[in-house]
Amino acid sequence: MTLAPPAMAATREALGPTLVRLREEGLDIVVVDADLGVSTTARVFAAAFPERFFTVGIAEQNMIGVAAGFAAAGKIAVASTFAVFAPGRCFDQIRIAVAHPHLNVKIIGSHGGLTVGEDGISAQAIEDLALISSLPGFTVIVPADVIEAAQAIETALREPGPYYIRCSRAKTPVIYDATYRFQLGKAHLLRPGKDVTVIALGVMVKPALAAAAKLREEGIDCRLLNMATLRLLDEEAIIAAARETGAIVTAEEHLVHCGLGSMVSQVVTANQPVPMGFVGMKDRYAESGAPDQLLEKYGLTADDIAREVRTVLKRKKD
Amino acid sequence: MLAAAGSGHPGGSLSAVEILCALYLCVLRHNPAEPLWPDRDRFILSKGHAVPVLYAVLAECGYFPEEELTTLRKLGSRLQGHAFAYFQPGTEGLRTPIQSPPGIEMCAGSLGQGLSFSIGQALAARLDGRDYRVYCLLGDGELGEGQVWEAALAAAHYSLDNLVAIVDRNRIQNDGFVDDILRTDPLIEKWEAFGWRALDIDGHDLRQVIDALEKARTVKGKPTVIIAHTIKGKGVSFMENTASWHGRAPNREEAERALAELA
């Protein structure tokens, strides 16, 4: 039964219910948590399947090791906490216990980015994608809304190997409906266009849509790609965008020097060099504030994307 | 093996010989012909640098050919410098790991991680209704890693009586004596305070090692730790009780002298 999705929902809300549904379908899931199950919604799974939910308290390094042990014993192990803590606090454990042996551990990094809001810098992960993407063998997905998040989590649990899925704390606009089908490793074409391409992911997809609409009024035809799978990137879509539109702007709720922008740059310069622009956190930490205020102050709005597009277009050689 | 490799950790391997022999030759329920037998007891080498003694015992048991031992640490060898296990989805999907080489349960080398991994395996046994036991060997220097104590708390919290930790208390770590670097004594009292049953033995007395492992079977409702008092470099006079033999391989002449003493 599919209900009409709400207008606003947090991607983290997809975790608990999706895990419950998949367990009901027979997947051999266990969840390991570090005292944030209420916030990540992993506790929804705990309520349905208490014998498959294990909290280790505030001990993220142990959490990863326990998840790895479960995976080595044949389970699909989900390890969930805030993105600042995994990969932040247990990077070596993820590297040695999960990535290197290619185990079935699915890490949910919830509360990613600035939209954590008032908790401030220690809770705002703006480098988690850089850390987790550095590990060979990891698949990294940043869903744009709760619909995509549910499908991304399902993909992660059904496919073999290490996965990282970033979720958000704040409610964000629902972009997709029940007909949407997330495709691993394939950027979703949200809007065709020929003048420039905006490649966005996660929280930045909705502002990118608004920016494209604004630019249309100015006569700029913007292609928009939702690059939900960050690792491995859809290189084909990136190269085609470079070739067919001649300019690219990336948009991410993350540091621009070590995330989506830098990884897309590598693909572009190696294959089809074109002018590029970058929207995201510019080499600094944010602060406490309401999510929308933070996105505004630190340059992660639709206006910032539109501005960056106009700047890049000046450098484009026709 | 280490002389052929030109690098490695003889001290901490020699201190664990009796422990490994007791486990693999007397106590563990295992089958070298079926390394992934689901009901096998698990041995997790948390002090991963001591992998030479594990490789030696595994070869002795027939997990892989003895000739392969001289390939340790060489380019292309299955015998990596620290234990390595690779899991790849088999044709049956997600549940079929491939161990390389056979018999190695966990990627080691970064200290403090094995007990956590052991907990996952022990909890999986309980969830699946299997009665296999999980044994984890740690170094005493390794007890400096906070993750060990995260795991110790959790193992007691979950009343994991199918889990046994063994501490190879050879009193020496990379830079010197444990007492000088970061004192961990009193160990028995610490582990008991964390909710474990703690046993104190001579780690080179095979009978004591076996008895302690058997005793651990009878402990209900809590995990057991065996503090094994050992001598780093045991059996080779010029290696005993010195930190310098923690991470240095013997050259050919030293290897020959050592083998002569051990014979």
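This is a predicted model: local features need pLDDT of at least 70, side-chain atom pairs count only at pLDDT 80 or more; totals for chains, interfaces and linings use all residues.
Let me start with burial in chain A, where buried residues account for 58% of the 318 residues; a residue is called buried if 20 or more other C-beta atoms lie within 10 Å of its own, exposed if 12 or fewer, and partly exposed in between, with C-beta atoms placed from the backbone. As for the naming, residues are numbered from 1 along each chain as its sequence is written, and chains are lettered from A and ligands numbered from 1 in the order in which they are written.

Staying with chain A as a whole, its radius of gyration is 19 Å, which agrees with the value near 20 Å that a compact globule of 318 residues would have; that radius is taken over C-alpha atoms, and the globule rule is 2.2 Å times the number of residues to the power 0.38. The C-alpha trace of chain A spans about 60 × 40 × 40 Å along its principal axes. Among contacts in chain A between residues at least 6 apart in sequence, 79% join residues at least 24 apart, where a contact requires that the C-beta atoms of two residues, placed from the backbone, lie within 7 Å. The secondary structure of chain A comes to 12 helices and 14 strands, these being DSSP runs numbered from the N terminus, with helices (H or I) of at least four residues and strands (E) of at least two.

Chain A is divided into domain 1, residues 9–173, and domain 2, residues 188–315, with bounds that come from an automatic or database domain assignment. The C-alpha centres of domain 1 and domain 2 of chain A lie 26 Å apart, and the contact takes 27 residues from domain 1 of chain A and 28 residues from domain 2 of chain A. On the domain 1 side, helix 6 (128–133), strand 6 (139–141), helix 7 (146–158) and strand 8 (172–173) of chain A each supply at least two residues. By class, that side of domain 1 of chain A has 14 nonpolar, 9 polar and 4 charged residues; here Ala, Val, Leu, Ile, Met, Phe, Trp, Tyr, Cys and Pro count as nonpolar, Asp, Glu, Lys and Arg as charged, and the others, Gly among them, as polar.

Turning to the two chains, their contact takes 27 residues from chain B and 27 residues from chain A. On the chain B side, the elements that give two or more residues are helix 5 (114–128) and helix 6 (146–157) of chain B, and helix 5 of chain B gives the most, with 9 residues. The residues on that side of chain B divide into 15 nonpolar, 9 polar and 3 charged.

What does helix 5 of chain A pack against through its buried residues? They pack against helix 4 (60–72) and strand 5 (105–110) of chain A, together with helix 5 of chain B. Of the 9 residues of helix 5 of chain A (residues 91–99), 7 are buried, so this helix is largely enclosed by the rest of the structure; among them are Gln93(A) and Arg95(A).

In chain B, 5 strands form an open sheet in the order 1-2-3-7-6 with parallel pairing, where two strands pair if DSSP finds at least two bridges between them. Its edge strands are strand 1 (42–45) and strand 6 (197–202) of chain B, each of which pairs on one side only. Strand 3 (residues 163–169) and strand 7 (residues 224–229) of chain B run parallel and are joined by 6 bridges, and Ala165(B) stands opposite Val225(B) in strand 7 of chain B.

Finally, some backbone details, for which the background is that most residues other than glycine have a negative phi, and most peptide bonds are trans. The peptide bond from Ala86(A) to Pro87(A) is cis, with omega near 15°, and Pro87(A) is found in the loop between strand 4 (76–82) and helix 5 of chain A. A cis peptide bond also joins Asp185(B) and Pro186(B), with omega about 0°. Ser159(B), in the loop between helix 6 and strand 3 of chain B, has a positive phi near 50°, and with 14 C-beta neighbours inside 10 Å Ser159(B) counts as partly exposed.
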